[in-house]
Amino acid sequence: IVLPREKDDTDTVFAAKEGLKRGFKSFLLIGCVGKRLDHTAANVSLLLMLDKAGARALMLDDYSEMEIAGEKKVFIPDTFPYFSLLALFGDVGGVTVKNAKYPLDNAEIKCDYQYGVSNEVIPGKRASVSVKKGRLLLIKVF
């Protein structure tokens, strides 16, 4: 597919929309984090767009794996030493984190106070994250 140079969607957004049109439900985004913070932030929001479309998307860089945490429970194995939960898309309610150094039960994380940074999975366990209202960016650090 040859895209025009000037368009409303970035090449990555165009590719994701095309994948959705073709019926894909799983996306692996590589090369989406780099020196341009504007492009990186736009690509992070692409995770939300794909989640809202009912697709699962993972974004990988050299240091981490990112995905959206929402109503469907997500798991973090103890092979990831750290993970963070960021409310980048609005205030988030009903956040529950289990099997982590800093567990949460029906908590709220607001955009203006990000206290979900640098949690740890309990060794030998698998942490879980669920959300009742809103979406969080889950960053699992290698």
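Me: Which helix and strands each supply at least two residues of the lining of the largest pocket?
Reply: In this predicted model, helix 2 (37-52), strand 2 (56-60), strand 3 (64-69) and strand 4 (74-77) each do so. The lining comprises 15 residues, and D51, R56, I68, K72 and V74 are those nearest the centre of the pocket. The space inside amounts to about 360 Å³.

Me: What makes up the lining of the largest pocket in terms of nonpolar, polar and charged residues?
Reply: There are 6 nonpolar, 2 polar and 7 charged residues. Asp, Glu, Lys and Arg count as charged.

Me: Why is strand 8 called largely enclosed by the rest of the structure?
Reply: A residue is buried if its relative accessible area is under 20%. Of the 5 residues in strand 8 (residues 126-130), 4 are buried, and therefore the strand is described as largely enclosed.

Me: How do you know that strand 8 pairs with strand 4 and with strand 6?
Reply: Pairing requires at least two bridges between two strands. Strands 4 and 8 are joined by 4 bridges and run antiparallel; F75, for instance, has S128 as its bridge partner. Strand 6 (residues 92-98) is joined to strand 8 by 3 bridges, also antiparallel, and T96 stands opposite S130.

Key
Residues numbered from 1 in each chain as written. Predicted model: local features only at pLDDT ≥ 70, side-chain atom pairs only at ≥ 80, totals over all residues. Heavy atoms only, no water. 1 Å grid on protein atoms, 1.4 Å probe; cavity = no way out; pocket = protein on both sides within 12 Å on 5 of 7 lines; lining within 4 Å. Points joined across faces, edges and corners; volume = space filled by probe spheres on them. Buried < 20%, exposed > 50% of the residue type's maximum accessible area, 1.4 Å probe, protein only.
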